[in-house]
Amino acid sequence: MQMEIKSFLNDIKFFTENMVSVRFMLNQTDYVMNTMPRIDAWRRGVVVLSPRSPKAAEEFRKRLAQYSGVEVVSQNLTQQQSEVVFKCNADNDIVLLLGEVLKQQKLKMRSNQLDGLAQEVDHAVEQLPYVRASAFSRGVNALKNQIEVLKNIRTAHAKELVR
């Protein structure tokens with residue numbers, strides 16, 4: 001059981017780092033991209049993963065083969081040959097994994113946005129003569145605190161994944 005959990009956490013880390021996008025196909029023309037579909041809209045169907053590289057696509061296929069109930073589609077239904085297409089149900093472990101990967105990617109994106117905002121605030125403070133950071137509103141200072149908290153959460157989560 002412990003090995004399965006470590007494998008699952010390693011898969012989360014790998015998919016988070018190497019997945020560009022995911023599409024849950026609702027039908028032939030309609031899909032939900034980079035978000036988990038509603039359970040009443042998608043209970044079973046086709047999922048399309050876009051990896052960062054062809055090498056990552058091969059690793060996706062190998063890792064998907066470890067999950068029961070996942071059927072990797074051999075013929076490529078997409079125009080990009082590197083995309084990985086598979087069929088699964090909404091109650092498969094891979095859907096749980098993809099949900100966690102999407103959460104991690106959103107957290108990382110939000111953290112990067114807040115880092116950029118913090119740099120802009122610091123730059124604005126430097127550009128204004130005779131104004132110190134303490135002169136800014138409590139909202140800006142609270143935002144800086146939120147950025148630090150988010151960094152600490154991300155660091156703690158990364159340490160937890162490594163264990």
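Tutor: A charge sits over a ring if NZ of Lys or CZ of Arg is within 6 Å of the ring centre and within 35 degrees of the ring normal. Keep that in mind for this predicted model.

Student: Which ring has Arg-63 over its face, and at what distance from the ring centre?

Tutor: Arg-63 lies over the face of Phe-14, with 4.2 Å to the ring centre. There is also Arg-23, placed over the face of Tyr-31 at 5.6 Å from the ring centre.

Student: How many aromatic pairs are there in the whole structure?

Tutor: First the idea. A pair of aromatic rings is described by the distance of the centres and the angle of the planes. Now the case. Searching the whole structure gives four aromatic pairs. One of them joins Phe-14 and Phe-15, edge-to-face, at 6.1 Å centre to centre and 85° between the planes. Both of these residues, Phe-14 and Phe-15, are buried.

Student: Why is the pair of Phe-14 and Phe-60 called edge-to-face?

Tutor: Planes over 60 degrees apart count as edge-to-face. The planes of Phe-14 and Phe-60 stand at 90°, with centres 5.6 Å apart, so the pair is edge-to-face. This pair links distant parts of the chain: Phe-14 belongs to helix H1 and Phe-60 to helix H2, 46 residues apart. Phe-14 and Phe-60 are both buried. Together, Phe-14, Phe-15 and Phe-60 make one aromatic cluster.

Student: Which residues touch the most other members of the largest nonpolar core?

Tutor: In soluble globular proteins, nonpolar side chains tend to be buried together. Here the largest nonpolar core has 24 residues, and those touching the most other members are Phe-15, Val-47, Leu-49, Phe-86, Ile-94 and Leu-98. Helix H1 (2–18), S1, S3, H2, S5 and H3 each supply at least two residues of this core. H3 gives the most, with six residues. A second, separate core holds five residues, including Met-25, Val-46, Val-48 and Val-73.

Student: What does Phe-15 contact, leaving aside neighbours within four places in sequence?

Tutor: Phe-15 is in contact with Leu-49, Phe-60, Arg-63, Leu-64, Leu-97, Leu-98, Val-101 and Gln-105, once those neighbours are set aside.

Student: In what order do the strands of the sheet run?

Tutor: Strands of a sheet pair through backbone hydrogen bonds, either parallel or antiparallel. This sheet is open, has five strands and pairs in the antiparallel sense, in the order S2-S1-S3-S5-S4. S2 (31–33) and S4 are the edge strands, each pairing on one side only.

Student: Which residues of S5 are bridge partners of Gly-45 and Val-72?

Tutor: Gly-45 has Cys-88 as its bridge partner in S5. For Val-72 the partner in S5 is Phe-86. Val-47 also stands opposite Phe-86. As for the strands, S3 (residues 44–51) and S5 (residues 84–89) pair over six bridges. S4 (residues 71–72) and S5 pair over two bridges. Both pairings are antiparallel.

Student: Which strands does helix H3 lie across?

Tutor: H3 (residues 93–127) lies across S1 (19–25), S3 and S5, and runs at about 130° to S1.

Student: Why does Ser-53 count as partly exposed?

Tutor: Partly exposed falls between the limits for buried, under 20%, and exposed, over 50%. Ser-53 has 28% relative accessibility, so Ser-53 counts as partly exposed. Ser-53 lies in the loop between S3 and helix H2 (54–64). Its C-alpha atom is separated by 9.4 Å from that of Val-20, 33 residues apart along the chain.

Conventions
Residues are numbered from 1 along each chain as its sequence is written. This is a predicted model: local features need pLDDT of at least 70, side-chain atom pairs count only at pLDDT 80 or more; totals for chains, interfaces and linings use all residues. Side-chain values use heavy atoms; hydrogens and water are left out. Two strands pair if DSSP finds at least two bridges between them. Helices (H or I, at least four residues) and strands (E, at least two) are DSSP runs, numbered from the N terminus. Contact means heavy atoms within 4.5 Å. Axes are lines fitted to C-alpha atoms, for helices over the stretch in contact, and angles run from 0 to 180 degrees between N-to-C directions. Buried means under 20% relative accessible area, exposed over 50%, partly exposed in between (1.4 Å probe, protein chains only). A nonpolar core is a set of buried Ala, Val, Leu, Ile, Met, Phe, Trp, Tyr and Cys residues joined through side-chain atoms within 4.5 Å. Rings of Phe, Tyr and Trp (its six-membered ring) pair if their centres lie within 6.5 Å; planes under 30 degrees apart count as stacked, over 60 as edge-to-face and the rest as tilted.
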